[in-house]
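Good morning, colleagues. Please turn to the structure on the screen, and I shall take you through several of its features.

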Amino acid sequence: MKTAERQFTTISGVPIEPCYGPEDLSAINPARDIGEPGGFPYTRGIHRDMYRGRLWTMRQFSGYATPEETNRRYHYLLEQGQTGLSVAFDLPTLMGYDADHSMSLGEVGKCGVSVSSLADMETVFRGIPLGDVTVSMTINSPAAVLWAMYLAVAEQQGVEWARLSGTIQNDILKEYIAQKEYIFPPRPSMRLVTDTIEFGARHTPRFNPISISGYHIREAGSTAVQELAFTLRDGIEYVDWALARGLSIDQFAPRLSFFFNAHNDFFEEIAKYRAARKIWAYTMRDRYGARNERSLKLRFHAQTAGCSLTWQQPYNNVVRTALQALAAVLGGAQSLHTNSLDEAYALPGEHAVTIALRTQQVLAYESGVTGHPDPLGGSYFLEALTMETERAANEYIRRIDEMGGMIAAIEAGFPQREIAAASYRYQREVEAGERVIVGVNRFEAKDEPIELLEIDETAATQQCQKLAELRKRRDNAKVRATLDALRRAAEGTENTMPYLLDAVRAYATLGEISDALRSVFGSYQEQAHL
Amino acid sequence: MTRPIRVLVAKPGLDGHDRGAKIIARALRDAGMEVIYTGLRQTPEMIVNAALQEDVQVIGLSILSGAHNAIVPRVLELLREKKMEDVKVVVGGIVPDEDAAELKKQGVAAVFQPGASLDSIVQFIRAAVGEGATAP
């Protein structure tokens, strides 16, 4: 057998010793490195009683086709016991194009719901009381615009902004690094993000204006350490910009939220979440002098790894997702999305998404893992892996500091190249059979076809027709005036949020607003890093 | 002397997920091919123009957004208009079986679905352009 002489590593390539014991913990100072659950540096979790006090939020990311279809799915998910909503927008919306723009051809409603104006947003949330449900919106480059629409819908429902609870993703840095849904160049984009953080600090005390995301970095092929390091360094960048705006750290830091991947390597993932909390707590306390305890606590959403789902033997994906979800729960996640078994093929069907939600409910109510905070804390292996993950992530953070921060690093192509190299290395290992993917390069079998969600092909025509009617119906002089005012604000240094709110209330479309901002900020083209 | 196979790897549409495209580009290059990667958000017109300018034998399109039925036929149409039918078009990404069959009927040389090995893609391209063709 070759097994005995084989080098064992985590899925990210971190070497693993044959056995860990007390001597591996000799460098650990329990008070400094681990602490108590709910106590600094929060390695063991941000709450003393963790899931006894409150379960994680079960938040399935969904949205497709028209706002009407998506609204129907949201009512279904809430009836099934889901406890929060998470909006997926289609690619035209993510890129700031209206449904009737030429670049939207073939893409309307495909990867999420199509929202081109406040009228669409009103439909998405019809019959859903925004004061009672928390809503997360995965939107980045035009996040400020979609958030303005959301705030306007709340106004219409008579819900005070101070009562609103939820999250906009609004993490533009990881777009340049990994997911590539950017519109404007990095600096004006950062100004928009800072506008939302500042506006949120003053008007929406219970809303997270950003979800600093490693998820997409990992999906692009990074290692666990890269995911952790680049995400936290992005967080540092947002903090620096908000401080430069004149906010004090404790004014906005409690509302910074995070989003991590839950990948296949069980212990590596748990170590990653524990190291994340610890690094952030020290960074906030020592680098920024935060005093408010809530500023020190890293709260995160987790999603199981989409890139780990296989097209072959798709029912196996239920098992993968359950294990990944268990890692997120043992790692102390505040909210969780579990992927559906059919997502290597398409957006999930209703049957598949129900199994995914039931997976979380089984973990929460049947497995018993919710009875104790950080139940794996003190494991020789896990504590050693947590320390190693922290060390390696801090090393990356130091290198990016030396480059002059994350924007300079992005402009130099540094994180992009590191990720591309890691993803190529991993793929080579899969090709060589060194990494086994069940059903893909081992244990292959003939697949039975599964039932898939069909996106209504008339979604695009319906959306275009609604837009044409809206453009006739609204007060176009008012639209022009609000867009002119927005353009002037963008040219200056004022916060753009009040101007965005005026524009969306006048039913200016997402495309019109994005064009106004493009005319001031310009568009971004990346250098492709192979 | 044999001339290396020239391949244009392109990302059409709005989709920014370029992990697959970049891995394929590197794998083809490591297999001795000359690879031109277009970067993101290319229209069919931009892709066919680049194929013409770069004198490639193969165009690889990476699409994960579900927009393949709108984008790929347009690329094929433009190739016909420019009398470039000898350029092989291969597609990789999330393409359901029925769509893959339809695209092949329209003239796509191959569709590689998730889980396809890099080796199978390299072998296919070599066979499709007839490796060993001598330079003019």
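In strand 10 of chain A, A:Ser335 is the residue that stands opposite A:Thr57. Please bear in mind that we are looking at a predicted model. Strand 10, residues 335-337, and strand 1 of chain A run parallel, and two bridges join them.

Five strands of chain A form an open sheet with parallel pairing, in the order 1-10-9-8-7. Which strands are at the edges? They are strand 1, residues 57-58, and strand 7, residues 210-213, of chain A, each of which pairs on one side only.

Two helices of chain A lie across strands of this chain. Helix 10, residues 224-244, lies across strand 7 and strand 8 of chain A, and its direction is at about 145 degrees to strand 7. Helix 12, residues 266-287, lies across strand 8, residues 256-262, and strand 9, residues 300-304. The angle between helix 12 and strand 8 of chain A is about 165 degrees.

I turn now to the contact between the chains. On the chain B side 27 residues take part, and they are in contact with 28 residues of chain A. Three elements of chain B each give two or more residues to this side: helix 1 (19-30), helix 3 (68-81) and helix 5 (118-129). Which of them gives the most? Helix 1 of chain B does, with five residues.

Within helix 5 of chain B we find B:Arg126. Is this residue buried, exposed or partly exposed? B:Arg126 counts as partly exposed because 15 other C-beta atoms lie within 10 Å, whereas a buried residue would need 20 or more and an exposed one 12 or fewer. B:Arg126 is 94 residues away from B:Gly32 in sequence, yet their C-alpha atoms are 11 Å apart in space.

Finally, a word on confidence. For the complex, the predictor gives an ipTM of 0.88 and a pTM of 0.94. The average pLDDT of chain B is 92, and 95% of its residues score at least 70. Where pLDDT is low, the predicted coordinates should not be read in detail.

How values were computed: Residues are numbered from 1 along each chain as its sequence is written. Chains are lettered from A and ligands numbered from 1 in the order in which they are written. This is a predicted model: local features need pLDDT of at least 70, side-chain atom pairs count only at pLDDT 80 or more; totals for chains, interfaces and linings use all residues. Two residues are in contact if their C-beta atoms, placed from the backbone, lie within 7 Å. Helices (H or I, at least four residues) and strands (E, at least two) are DSSP runs, numbered from the N terminus. Two strands pair if DSSP finds at least two bridges between them. Axes are lines fitted to C-alpha atoms, for helices over the stretch in contact, and angles run from 0 to 180 degrees between N-to-C directions. pLDDT is the predictor's confidence in each residue, from 0 to 100.
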